[in-house]
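These are my notebook entries on one chain. I set down what I looked up and how each term was defined.

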Amino acid sequence: MIGLKVPKKEANQLRLLLLEHKILDRNFKIKRSLDYVFIPLLERPGMDLMKNESLQVVDTEFEEAKRSPRSMEEYLEGQIPAEKMEDLKKSFDIIGEVVILEIPEELEGEKKAIAEAALKFTKRRSVYRKGSEVKGTTRTRELEHLAGEDLSETTHQEFGTRIMLDVKNVYFSPRLATERRIVTDQVKEGEVVLDMFTGVGPFALSIARNHQVKVYATDINPMAIFYLKRNLEINKLQERVIPLEGDVKEILEGLDLRFDRIIMNLPGSAREFLPVALEHLKSGGVVHYYQFSRDMDDPIQSIKNSAKDRQVEILDKRKVKSTRPGEWHVAVDARIC
Ligand SMILES: C[S@@+](CC[C@H](N)C(=O)[O-])C[C@H]1O[C@@H](n2cnc3c(N)ncnc32)[C@H](O)[C@@H]1O
């Protein structure tokens with residue numbers, strides 16, 4: 001095969017140039033002698049490149065490069081018809097050792113091949129397919145096991161926090177990591193915080209790891225509270241977080257407490273919890289309110305309606321993630337005086 005013989009000191013610049021011209025053969029390894037470097041080529045370089053007299057095209061042997069595929073598509077080459085590749089949603093969630101894929105109906109026949117590719121590509125332990133939207137009070141979804149071990153309990157790392165959970169029995173989204181960071185960064189030392197819909201506790205854990213605070217963390221799903229308790233042990237945060245199982249409305253009835261900050265991450269129905277949340281928010285306290293919405297006005301109006309005569313200062317508003325075309329999971333941070 002052909003290669004370009006290049007003086008050593010010019011090799012790197014030439015390699016980049018050949019890459020740019022798309023004629024470097026990446027299936028073979030570059031080789032070196034004492035003074036020269038030999039770069040494998042897909043074709044002869046044009047005259048523009050060969051103007052440099054120190055370069056020479058030579059006939060030589062190269063060792064094959066063991067290159068790992070760079071994408072799921074590369075893994076699936078030859079296994080899925082090219083026209084169907086378009087239907088494959090290339091985004092997937094990785095939660096600890098678990099991969100969760102979205103595979104459309106049209107690719108039902110190819111689901112095993114896709115899952116095996118995901119297993120190899122991500123080097124994780126288990127691959128599941130989303131079997132439904134998140135639904136019901138506990139916001140969990142059906143999952144279909146497709147490849148690797150059928151082990152849905154795993155430990156995820158988020159900015160140094162270890163979060164143990166069972167993807168089949170609790171809600172957890174790694175896509176909210178930045179949002180948790182944004183909220184955590186607003187917390188002040190000494191605050192008393194309520195995480196109304198804590199799940200396995202990612203907001204509560206992040207806040208408690210980074211601040212000297214007391215966090216009351218409530219959830220109606222017993223499995224979520226089970227894992228929250230494990231997570232408090234794992235992250236040694238038992239002193240800072242109080243896990244409470246049950247309907248937050250009922251829990252609050254029995255708690256004679258007012259909070260500096262309340263997190264309301266139940267975007268499908270947080271609106272109905274706003275009155276009770278604001279009742280338990282100190283004057284000057286901050287609410288982090290989440291809602292599925294097509295705009296920012298609606299969630300802001302919901303907060304203002306529930307605040308009644310209290311003064312509302314909107315500190316920030318942002319789109320957390322897209323949910324469906326034209327709709328967002330939005331966040332509003334508001335100070336209520
Ligand atoms: C969207 S998840 C959010 C979990 C967590 N904040 C996170 O970011 O991973 C909403 C959580 O609210 C809980 N939940 C729903 N209704 C509730 C209620 N009335 N009282 C307490 N928790 C509730 C669900 O069990 C679920 O874990």
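**Entry 1. Helix α11**

Against which elements do the buried residues of α11 pack? I worked on a predicted model, in which local features need pLDDT of at least 70, side-chain atom pairs count only at pLDDT 80 or more, and totals for chains, interfaces and linings use all residues. Residues are numbered from 1 along each chain as its sequence is written.

I found that the buried residues of α11 pack against α10 (274-279), β15 (281-293), β16 and β17 (327-336). Helices (H or I, at least four residues) and strands (E, at least two) are DSSP runs, numbered from the N terminus. I called a residue buried if 20 or more other C-beta atoms lie within 10 Å of its own, exposed if 12 or fewer, and partly exposed in between, with C-beta atoms placed from the backbone. Contact requires that the C-beta atoms of two residues, placed from the backbone, lie within 7 Å.

I listed Pro 299, Ile 303 and Ser 306 as the buried residues of α11. They cover an arc of only 70° around the axis, so they sit on the same side of α11; the arc is that of the directions from the helix axis to the C-beta atoms. On the face turned away from the buried side I noted the exposed residues Asp 297, Gln 301 and Asn 305.

**Entry 2. Two lysines with positive phi**

I next looked at the residue that follows α11, Lys 308, whose phi is positive, near 55°. Lys 308 is found in the loop between α11 (297-307) and β16 (312-324). It counts as exposed because it has 9 C-beta neighbours inside 10 Å.

Lys 22 lies in the loop between α1 (11-20) and β2. With 8 C-beta neighbours inside 10 Å, Lys 22 is classed as exposed.

**Entry 3. Leu 315**

Is Leu 315 buried or exposed? I recorded Leu 315 as exposed, with 12 other C-beta atoms within 10 Å. Its place is in strand β16. Leaving aside neighbours within four places in sequence, I found Leu 315 in contact with Val 286, Asp 333, Ala 334 and Arg 335.

**Entry 4. Strand β14 and its partners**

I counted five of the six residues of β14 (residues 259-264) as buried, so this strand is largely enclosed by the rest of the structure. Strand β11 (residues 192-195) and β14 pair in the parallel sense over three bridges, where pairing means that DSSP finds at least two bridges between two strands. Asp 195 has Ile 263 as its bridge partner in β14. β14 and β15 also pair in the parallel sense, over five bridges, and I noted Leu 281 in β15 as the bridge partner of Phe 259.

**Entry 5. Nonpolar cores**

Which residues have the most contacts inside the largest nonpolar core? I found Met 264 and Val 287, in a core of 70 residues. A nonpolar core is a set of buried Ala, Val, Leu, Ile, Met, Phe, Trp, Tyr and Cys residues joined through C-beta atoms within 7 Å. This core draws at least three residues from each of domain 2 (72-151) and domain 3 (170-336); the domain bounds come from an automatic or database domain assignment. Not counting residues up to four places away in sequence, Met 264 touches several residues, including Met 196, Phe 197, Val 287 and Tyr 289.

I traced an open sheet of four strands in the order β2-β3-β1-β4, with antiparallel pairing. β2 (31-32) and β4 (56-59) are the edge strands, each pairing on one side only. Five bridges join β1 (residues 2-7) to β3 (residues 36-40), and Leu 4 has Ile 39 as its bridge partner in β3.

**Entry 6. The whole chain**

I noted 11 helices and 17 strands in the protein chain. Its radius of gyration, taken over C-alpha atoms, is 27 Å, well over the 20 Å that the globule rule gives for 337 residues, so the chain is more spread out than a compact globule. The globule rule is 2.2 Å times the number of residues to the power 0.38. Along its principal axes the C-alpha trace spans about 85 × 40 × 40 Å.

The domain assignment gives domain 1 (2-59), domain 2 (72-151) and domain 3 (170-336). I recorded 31 Å between the C-alpha centres of domain 2 and domain 3; their contact takes eight residues from domain 2 and six residues from domain 3.
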